[in-house]
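Please keep the sequence and the model in view while reading.

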Amino acid sequence: MAGTRTIPSPIVSVENAAFWNAAKQGRFIIPTCGACGKVHWYPRAICPFCAGEKIEWRPASGQGTIYTYSVMRRAKEPYAIAYVTLAEGPTMMTNIVDCDFDALRIGQPVTVVFKDTENGPPVPMFKPL
Ligand SMILES: [Zn+2]
């Protein structure tokens with residue numbers, strides 16, 4: 001179990017400010033195109049599927065599966081970096097936390113958990129169900 005690693009603050013931009021504001025309240029939202037209805041990640045001002053400019057933020061389930069992962073064992077405080085495919089479709093780069101890294105496997109179901117950062121908003125990470 002790793003739990004003392006200091007997590008750097010995320011970079012907040014115009015495109016993702018809504019996401020981080022929701023994160024501060026423990027809400028996990030993802031950008032959805034108002035034109036084609038597709039969900040995407042990371043946050044962008046223009047839909048990557050249809051170039052639509054009307055992006056809406058919708059609550060996400062917080063559920064996903066591990067697409068691939070790698071455990072950084074040489075770090076002072078080992079951590080697991082992963083791509084998690086959200087139940088809503090898109091895949092996001094994140095960390096897997098609060099678990100035994102040796103027990104991780106591809107395809108494993110995970111759920112979102114917000115982790116505090118140095119001095120910015122909390123970041124979404126995932127833990128096995
Ligand atoms: Zn679109």
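Which residues are buried in helix α1 (residues 17-24)? Phe19, Trp20, Ala22 and Ala23 of α1 are buried. Seen down the axis of α1, these buried residues fall within an arc of 160°, so they line one face of the helix. The arc is that of the directions from the helix axis to the C-beta atoms. Buried stands for under 20% relative accessible area and exposed for over 50%, with partly exposed in between (1.4 Å probe, protein chains only). What covers the buried residues of α1 includes β1 (29-33), β2 (55-59), β6 (109-115) and β7 (123-128). Just after α1, Gly26 has a positive phi of about 75°.

This is a predicted model: local features need pLDDT of at least 70, side-chain atom pairs count only at pLDDT 80 or more, and totals for chains, interfaces and linings use all residues. Residues are numbered from 1 along each chain as its sequence is written, and side-chain values use heavy atoms, with hydrogens and water left out.

**Overall fold**

The protein chain has one helix and seven strands, in the order α-β-β-β-β-β-β-β from the N terminus on. Helices (H or I, at least four residues) and strands (E, at least two) are DSSP runs, numbered from the N terminus. The C-alpha trace spans about 45 × 35 × 20 Å along its principal axes. For 129 residues, a compact globule would have a radius of gyration near 14 Å, and the 15 Å of the protein chain agrees with this. That radius is taken over C-alpha atoms, and the globule rule is 2.2 Å times the number of residues to the power 0.38. Buried residues make up 38% of the 129 residues. Among contacts (heavy atoms within 4.5 Å) between residues at least 6 apart in sequence, 50% join residues at least 24 apart.

**Nonpolar core**

A nonpolar core is a set of buried Ala, Val, Leu, Ile, Met, Phe, Trp, Tyr and Cys residues joined through side-chain atoms within 4.5 Å. The largest one has 28 residues, of which Phe28, Leu86, Ile96, Leu104 and Phe126 touch the most other members. Two or more residues of this core come from each of α1, β1, β3 (63-72), β4 (79-86), β5 (91-96), β6 and β7.

**Zinc site**

Cys33 (SG), Cys36 (SG), Cys47 (SG) and Cys50 (SG) coordinate the zinc ion at 2.3 Å. Donors are N, O and S atoms within 2.8 Å of the metal (3.2 Å for Na, K and Ca); water is not among the atoms, so sites may look incomplete. The donors follow the spacing C-x2-C-x10-C-x2-C along the chain. Cys33 lies in strand β1 and Cys47 in the loop between β1 and β2, so the pair ties together parts that are 14 residues apart in sequence. Cys33 is buried, at 1% relative accessible area, and Cys47 is buried, at 3%. The angles among the four donor atoms are 104 to 116°, and the site is tetrahedral, a label that requires all angles of four donors to lie between 85 and 135 degrees.

**Backbone exceptions**

Most residues other than glycine have a negative phi, and most peptide bonds are trans.

| Residue | Phi | Relative accessible area |
|---|---|---|
| Ala51 | about 65° | 48% |
| Asp98 | about 55° | 31% |

Ala51 is found in the loop between β1 and β2, while Asp98 is in the loop between β5 and β6. A cis peptide bond, with omega of about 5°, joins Trp41 and Tyr42. Tyr42 is placed in the loop between β1 and β2.

Notes. Tetrahedral: all angles 85-135°; square planar, octahedral: opposite > 155°, others 65-115°.
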